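Subject: Structure handover, charged side chains

Hi,

Here is the structure for you to look at. My notes on its charged side chains follow below.

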Amino acid sequence: MLYSFGGPNAPEDVLPFLRNVTRGKDIPDERLAVVGQHYAQFGGRSPINEQNLALVDALRAELERRGLDLPVAWGNRNWEPYTIDALTGLREGGAQRVLAIVTSAYGSYSGCRQYRENLAATLVEMGATTPTGDDGSAGIVVDKLRHYFNHPGFVQANADAVVEAYERLAERTGDDVATLARNAPLVFVTHSVPDAMEEGSGAQAPSYRAQHLDVAGLVAAQVGERLDADVEWTLAYCSRSGPPSQPWLEPDVNDLLSERAAAGMRAVVLSPIGFVSDHMEVAFDLDTEALATARELGVVAERAGTVSTRRPFVEGIVDLVLERAAAERGEDVERAVAGSLGAWPDVCRPGCCRMRAGEDSKIPAACGSDPVQDPLVDSTTGAQHA
């Protein structure tokens with residue numbers, strides 16, 4: 001099951017979708033309507049849905065190429081098709097065990113645990129008699145694919161995209177691509193998170209930021225080798241929200257562009273390494289806002305593609321599916337991994353990826369090894385009730 005965030009398909013979907021995303025946070029519709037204007041620039045729809053469908057098709061084609069007859073479904077946390085739609089369809093089709101592939105490569109509360117909480121609540125809604133549904137009492141068992149940010153396929157697909165961006169930038173400027181790569185820095189961009197969430201993500205494993213720095217170094221090294229250049233790189237963030245008083249990871253990509261332009265930067269490549277596909281954070285925060293900032297500063301900017309349906313990424317995901325299946329059969333498996341952080345465990349560690357370090361939300365999360373109480377669970381949100 002490709003397991004994603006979801007996004008609106010039409011203008012009338014935008015406000016209900018944003019209510020789903022912010023449920024429990026008491027954000028008024030007036031504020032949501034302001035955020036919804038981002039979607040209005042794109043016809044009231046998010047590009048994420050078409051891109052998820054393309055990735056489903058690519059995964060099916062790769063499985064077929066390898067002679068594997070394996071159903072592939074698609075479900076979302078926040079919009080149609082919902083998680084329960086995908087899992088119910090798979091169960092009705094005879095599936096007894098499902099592997100969820102989250103469209104977030106990194107470990108954090110919003111990129112991992114929140115998906116696992118939604119999964120547990122969904123399994124309860126499907127009839128599970130335990131808080132997480134891990135015992136199969138919903139008629140189906142769901143596992144989660146390990147984080148793949150440092151899988152060689154993800155790294156190579158990002159490196160390919162960055163090399164292509166430098167080549168396009170060279171065509172625009174008339175410079176030799178190797179010379180350009182030496183002079184135009186590479187700015188990796190990911191979704192910012194609150195500092196408290198960053199701390200929580202690092203309580204049991206390398207943190208969200210550390211994961212990005214590790215893979216960014218790998219990608220930059222591959223790019224430098226291929227372009228025969230010592231590529232200067234840094235990590236920036238986009239899409240922060242919440243009150244100004246709440247600290248989030250910085251620097252913001254627009255602030256970084258301004259600082260670097262003031263120091264003499266005249267060309268730059270932006271790599272959305274934190275995103276699997278060109279969804280709204282890429283289409284608006286980078287392609288609209290960051291590129292506009294660059295133009296205002298007189299900086300020639302080229303945005304690299306995401307991994308999307310690039311062959312190394314798709315092949316890598318299927319490799320990971322087969323790796324997990326072999327591990328579940330009890331076979332010794334060699335876990336393909338790049339960088340210094342090692343392969344993530346198949347089952348999340350106790351306390352992994354909490355919203356805040358050391359603070360238990362009491363919301364059950366599937367696919368983990370946390371000890372679980374048996375609270376009454378809201379089957380829609382996963383929220384605990386007294």
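Is Glu315 buried, partly exposed or exposed? Glu315 is partly exposed, at a relative accessible area of 23%. Please keep in mind that this is a predicted model.

**Salt bridges within one helix**

Glu315 has a partner. Its side chain forms a salt bridge with that of Arg311, at 3.2 Å from N to O. Both residues sit in helix α12, four residues apart, so about one helical turn separates them. Arg311 is exposed, with 53% relative accessible area.

Helix α3 (residues 48-65) holds a pair too: Asp57 and Arg60, three residues apart, or about one turn of the helix. Their closest N and O atoms are 3.9 Å apart. That still counts, because the cut-off for a salt bridge is 4 Å. Asp57 is partly exposed at 48% relative accessibility. Arg60 is partly exposed as well, at 41%.

**A salt bridge across the sequence**

Glu164 and Arg310 also meet through their side chains, with an N to O distance of 2.9 Å. Glu164 belongs to helix α6 (residues 152-173), while Arg310 is in the loop between β8 (300-303) and α12 (311-328); the pair therefore ties together parts that are 146 residues apart in sequence. Glu164 is partly exposed, with a relative accessible area of 30%. Arg310 is partly exposed at 21%.

**Count and network**

The total is 29 salt bridges. Some of the charged residues are linked in a network of salt bridges: Arg97, Asp143, Arg146, Glu323, Arg324, Glu328, Arg335 and Asp346.

**A negative patch**

Which residues gather in a patch of negative charge on the surface? They are Asp195, Glu199, Glu250, Asp255 and Glu259. Two elements, α8 (195-201) and α10 (253-262), each give two or more residues to this patch. Glu250 lies in the loop between β6 (233-238) and α10. Glu250 is exposed, with a relative accessible area of 62%.

**Where to look**

Go on to Glu164 and Arg310, which form a salt bridge. Finish at the negative patch, which includes Glu250.

Best wishes

Note on methods
Residues numbered from 1 in each chain as written. Predicted model: local features only at pLDDT ≥ 70, side-chain atom pairs only at ≥ 80, totals over all residues. Heavy atoms only, no water. Patch = residues over 30% accessible without salt bridge, like charges linked within 9 Å, V, L, I, M, F, W, Y side chains within 5 Å. Areas by Shrake-Rupley, 256 points an atom, 1.4 Å probe, with all protein chains shown as cover. Lys, Arg positive; Asp, Glu negative; His and termini not counted. Charge placed at Lys NZ, Arg CZ, Asp CG, Glu CD. Buried < 20%, exposed > 50% of the residue type's maximum accessible area, 1.4 Å probe, protein only.
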